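Grab a pencil and work through these exercises one at a time. Try each task yourself before you read its solution.

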Amino acid sequence: MKWIRRNPEVVFIPLLYVALYIAQRTGFFNNYIMQIVMLACINICMTLSLNLVNGITGQSSIGHAGFMSVGAYTSALITTIMLDVSCMSPFMQLVIFLLATVFGGVCAAICGYLVGMPTLRLRGDYLAIVTLGFGEVIRSIIRIADVVGGARGLTGIPKLASLFWIFAFVILTIYACRNFIDSSYGRACMAIRDNEIAADTMGINISRYKIIAFVLSAFIAGVSGSMYAHMIRYLHPDVFSYAKSTDFLVYLYAGGVGSISGSVIGATILTVLPEMLRAIANWRLVIYGILLVLIILFRQEGIFGGKEFAFLKMKTGGIQNIGFFKFRRKLKKSPETSAQEEVIQ
Amino acid sequence: MKRILCLMLTLCFVLAVGCAPAQPSSPAAPAAPAAPGAPEAPASSKVIPDEIKLGLMSTISGGQAIDGKNMTDAITLVSEELEALGGLDVDGKKVKISWVIEDTEAKPEIAVNAVQKLIEQDKVLAIVGPNNSGETIASGEISQAAKVPQITNTGTNIKVTQVGDYIFRACIIDPFQGIVVAKFAYDNLKITKAAILYDNADTYSSGLSESFKNAYEALGGTIVANEAYSGQDVKDFSAQLTIIKNANPEAIFYPSHIENIPLQLQQTRGMGITATLLGCDSWDYAALPDLVGRDVLEGAYYVTGFSPDADSAKDFVKKFNDRFGYRPSFCSAMAYEAAHIVLNAIQRAETIDGPGVRDAMAATDMDLPSGHVKFDEFRNPVKSGTVLQVRDGVAQYVTSIEPD
């Protein structure tokens, strides 16, 4: 009991899912709202994945939609073209969907490794150019690949990504990112971000940690892509254009770069906002743009300003834990940790 | 840490066992009972509501904003016509028709959001648009599942109506357009060497170039150069045009969206290529001669599904021109026709709901600006292709080519 009181998220996260599920079932949230909820979840995962590279490791990936498209197309290739899932039992469908999703993630991770290996050994902004190029190359390949529909796009993807799987995937991603950041790997990555030379001097294998973060990020992007494909049920190469990558960058920087909670909040708000603005028709995207400018002008550190929700119990990374189930740090306030905190601040 | 994750996962999996199997069917579930439930109750007498909501999906912002404006204007004209009449006359009762307009930004995922909103939030009876094939395919899956009839004005790709039996189109299809251009070039213009400049990133453009190529080669012509560029952002076509120039074709076919046409044509003439210019229905935009330059466009031919000079179109063209100050494009004309096909179907429908209107739409048999319209079994209109030539900056009727 005491343990649950200290960790209320164990109850609250499943409750959130149950609430969403009931809202969906009773029709309180119609398909349109559910679609936005699920799209927001996928955007959260993409933003978290980008946060690992841009926020934690301090590299810049500006073609993340490329990895998403790899995951989306490979998984859809399996479920739609190679195997006809529609005539299988729901259980088999689910198994194939999950395997295809993991396979999509692995393919994206392999691409991430191939792209990251040569470039992450270098210091500087080479990764930005290479990821940008990678995104465009993938898009051009998909356009001419007739097996996945080419420029016509891929239709008839079965709707396998239900609210449950997307929700579970978001929670898993949040905790995977939290654990990664709190682990020695994450600390090494943050050291690289803050000062590459100092990190090198301390004996951190810089390119290795950069590649680990980048490959993990690509894997998450690939899995998000698969979820996206099986939710929207239509893929078109131009969906994963440079503009899509920019969207994720905007979510990340508007939410608060380097923070998990910031990524979550940024992606959620900026996915829901354009849909809420549908009421003002023609001025929709104008207002959206103005709001973005205002956020960046008056809150350079992002909506969340690098803070973290307390329930994540971040030991490192976040500047400050706020809101949601007060978390008292159980760390021994050793001189090093308080010094570290001051440095971060 | 591990305990938290373990407990959370077990909780989630317990929930999964309970909920997951029912999940995949749930998106269709809210729609399914509503749709068959409605026609059963009023089976004997037709229930006519006071107000009917129709949806319009159009590219108000984004890469094809010109088409979006043309389309929205056409719908404005339709609703003003209806207002003047005091509403749509359904079995003697005046029904108010209101349009809900949604932007698709020319992106399939936004189109999916928009169609969900129209169906779930606004509960529209039928949807007109969107104006391009990719978005219509993406959104069509949703309207098909929800049994809401959808009619695209200019989604010419063959795959559009293959999505399902609730998806219609008002225009001619890409393969047929390509065949008309090929036939016209080979039979009427006696051209045996042609080149193509197309966008391989675009469904419309690549589909048209393919059907033109196949038809033209089947007739006995040769494609001397088949050059592609990638995406709407390409503004410099000199690499492709140099190859085309060296191949020395007698005619060049440009199956691209309207945004790219002016630059392509100007650059073609700028390089000193004198071949005949051939176009497709996207060229049907009244301001094109002024955008491109009248001297550049002089003598160019294009095929479309609508001729503003035809007797049946005169009335519509005049009304449209008086209201908005420009001649209606193919896109406007098709949006106007799509709206009228839906309105006409509502008047004839046995029940005012998705399935009822769909059945009435499939049985459409009416006169519209482009001529008499009927649907074939694949919900494509049976229409002839019209060839126009630009003379003195105005597109003039040359000939009609019938479907075989």
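**Exercise 1. How much area is buried between domain 1 of chain B and domain 2 of chain B, and which residues supply it?**

Step 1: the buried area comes to about 1,300 Å², and carbon and sulfur atoms give 63% of that. Buried area here is the accessible area (1.4 Å probe) that two parts lose on being put together, summed over both.

Step 2: look at the side of domain 1 of chain B. I66(B), I172(B) and F330(B) supply 38% of the area this domain buries against domain 2 of chain B, more than any other three residues.

Step 3: check where the domains run. Domain 1 of chain B covers 51–172 + 311–383, and domain 2 covers 175–304; these bounds come from an automatic or database domain assignment. Their centres, taken over C-alpha atoms, are 29 Å apart. Each side of the contact is counted too: 14 residues from domain 1 of chain B and 14 residues from domain 2 of chain B, where contact means heavy atoms within 4.5 Å.

A word on the ground rules: this is a predicted model, where local features need pLDDT of at least 70 and side-chain atom pairs count only at pLDDT 80 or more, while totals for chains, interfaces and linings use all residues. Residues are numbered from 1 along each chain as its sequence is written, chains are lettered from A and ligands numbered from 1 in the order in which they are written, and side-chain values use heavy atoms, with hydrogens and water left out.

**Exercise 2. Work out in which sense β7 and β8 of chain B pair, and how the chain crosses from one to the other.**

Step 1: find the strands. β7(B) spans residues 193–199 and β8(B) spans residues 222–229. Helices (H or I, at least four residues) and strands (E, at least two) are DSSP runs, numbered from the N terminus.

Step 2: the two pair in the parallel sense over 7 bridges; pairing requires that DSSP finds at least two bridges between them. For one bridge, take A195(B), whose partner in β8(B) is A225(B).

Step 3: follow the chain from β7(B) through helix α7 (residues 203–219) to β8(B), and you trace a right-handed β-α-β crossover. Right-handed means that, with the strands pointing away from the viewer, the path from the first strand over the helix to the second runs clockwise.

**Exercise 3. Are R379(B) and D392(B), each with a positive phi, buried or exposed?**

Step 1: R379(B), in the loop between β13 and β14 (385–391), counts as buried at 12% relative accessibility. D392(B), in the loop between β14 and β15 (394–401), is exposed at 62%. The cut-offs are under 20% relative accessible area for buried, over 50% for exposed, and partly exposed in between (1.4 Å probe, protein chains only).
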